[in-house]
Amino acid sequence: MTSLWSAHLADRRPTEPLDGDTTADVVVVGAGLTGLWTAYYLLDADAALDVLLLDAGVVGEGASTQGLGACSADLAISAERVALAFGRDAALDLRAAMRDAVVEVGGALALEQVECGFGFGGALRVARSTAQVERLGELVATAPTWGDEWSLLDAAGAQEHVRVPGVKAGAWTPDCAVLDPARLVRGLLDVLLARGVRLAERTTAQRVSPHAVLTDRGTVRAPVVLTTVEAGVPGVATGRTLAAVPAHALATTRLDARAWGEIGLEPGVVVREAAHLPVQARRTADDRLLLTGAGHPSALDRALATLFPVADPAGALRWSGRLGVPRDGLPSVELDPASGLGGAGGFGASGVTAANLAGRTLADLACGVESSLVHLPWVGHRSPDWPPLGGAAVSLAMRAAARADAAESAGRRSRTAAAVLDRVPIG
Ligand SMILES: Cc1cc2nc3c(=O)[nH]c(=O)nc-3n(C[C@H](O)[C@H](O)[C@H](O)COP(=O)(O)OP(=O)(O)OC[C@H]3O[C@@H](n4cnc5c(N)ncnc54)[C@H](O)[C@@H]3O)c2cc1C
């Protein structure tokens with residue numbers, strides 16, 4: 001099912017598939033946000049580069065146009081976990097780079113005059129149980145350690161942003177913007193095509209190897225081969241193993257002024273319950289309430305009924321996509337100078353901002369620029385492989401998360417769920 005965002009775009013004729021063998025300076029496999037930003041920053045570094053983008057489908061059909069459109073500084077992995085694995089300075093650098101990337105996305109879009117409704121509105125987390133209040137307290141207490149800005153709100157303070165029934169507390173950060181992801185993808189693509197990037201759609205990479213990509217339409221030889229397929233076809237990623245986790249979206253019909261008066265959510269603000277398996281929500285520019293979340297699609301209906309009872313689900317538009325989730329929750333960005341093979345992925349539900357940062361980093365790596373980005377802890381990182389039945393581990397973790405959320409709503413805790421979630425970071 002087409003996303004709300006894509007349904008509003010004017011039709012575009014796809015480019016021709018690859019027509020036999022060819023060469024390029026850099027070939028980028030996968031033209032979602034990561035591939036597009038990578039091409040953008042490659043040309044920014046050297047406008048004369050011959051960059052060829054390949055996509056198995058049509059640009060704009062993948063996860064990049066299916067999301068909530070939250071451009072936030074969050075990553076699924078906590079700064080504490082990054083610090084444990086790579087040290088405190090590395091964790092601080094990654095947090096700072098993610099916050100900067102939110103600003104960079106807005107700056108690049110303004111520079112290129114890409115109109116996609118980018119605007120800072122901030123993000124709010126709401127707590128409706130004692131356990132959730134405790135989690136928000138921890139978030140706010142540890143945020144300054146990592147340079148993050150979160151402030152604690154009491155129930156009345158949270159209700160000023162959104163009137164969610166039963167809210168006990170909230171946490172607020174200004175480091176979050178929203179945008180229309182389909183217009184972002186289309187706008188970036190237009191910029192790239194105008195700069196001479198070559199794009200071959202409906203061209204599936206079947207194998208990537210040093211300096212070459214074998215596709216169903218011919219072979220591309222290039223000194224640098226970058227794979228940015230996220231939860232795409234397994235086997236073509238450069239050795240990363242990502243679990244493809246289903247995620248869903250629900251957009252109500254336009255709500256009237258009375259309903260918005262009761263909900264009280266301003267366009268631009270991203271709201272999410274402080275749950276283990278959270279649903280995120282925002283108000284679109286055309287006054288729909290949009291919800292997204294991983295797990296079972298029915299979770300969105302439950303969240304709508306519980307958090308926004310005034311919003312009628314009748315006539316809602318629904319669609320689904322997949323998140324690329326690494327075993328340890330940390331995305332990876334890599335380029336092996338010897339083989340010319342590289343890529344980026346594993347962004348979970350944080351790809352809008354992380355794709356920009358990864359794209360800039362890949363461009364620096366490919367152009368040999370010794371920037372601070374190429375020393376971020378996710379560069380050269382390999383998440384441990386998922387076990388052979390990785391999908392089952394993810395399903396188990398999502399069920400555990402849902403159970404833990406239900407227990408917390410009833411004033412209880414689930415130790416087993418907490419243990420499972422500690423071992424399998426999802427989202
Ligand atoms: C329901 C939902 C809600 C989300 N909400 C948000 C949000 O609010 N904020 C946020 O930051 N992130 C969100 N995300 C995640 C975000 O959309 C992704 O992290 C991001 O789009 C990843 O971009 P990408 O370019 O790496 O991957 P994709 O957009 O998946 O692009 C990969 C491309 O590779 C192509 N491809 C795959 N295999 C091959 C192959 N063999 N050969 C050639 N091409 C291939 C695909 O056709 C696709 O176009 C959401 C995701 C979903 C599904």
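Q: What makes the radius of gyration of the protein chain agree with a compact globule?
A: This is a predicted model, and its protein chain has 427 residues, for which a compact globule would have a radius of gyration near 22 Å. The chain comes in at 21 Å, so the two agree. As for the box, the C-alpha atoms fill roughly 60 × 45 × 40 Å along the principal axes.

Q: How do you know what share of the residues counts as buried?
A: Buried means under 20% relative accessible area. Of the 427 residues in the protein chain, 56% count as buried.

Q: What makes up the secondary structure of the protein chain?
A: Runs of H or I with at least four residues count as helices, and runs of E with at least two count as strands. On that basis the protein chain comes to twelve helices and 21 strands.

Q: How do you know which residues join up across the sequence?
A: Contact means heavy atoms within 4.5 Å. Take the contacts between residues at least 6 apart in sequence: 76% of them join residues at least 24 apart.

Q: What makes domain 2 and domain 3 neighbours in terms of contact?
A: With that same cut-off of 4.5 Å between heavy atoms, eleven residues of domain 2 are in contact with ten residues of domain 3. Their C-alpha centres lie 21 Å apart. In the assignment, domain 2 is 123-173 + 253-315 and domain 3 is 388-427.

Terms used. Residues are numbered from 1 along each chain as its sequence is written. This is a predicted model: local features need pLDDT of at least 70, side-chain atom pairs count only at pLDDT 80 or more; totals for chains, interfaces and linings use all residues. Side-chain values use heavy atoms; hydrogens and water are left out. The radius of gyration is taken over C-alpha atoms; the globule rule is 2.2 Å times the number of residues to the power 0.38. Buried means under 20% relative accessible area, exposed over 50%, partly exposed in between (1.4 Å probe, protein chains only). Domain bounds come from an automatic or database domain assignment.
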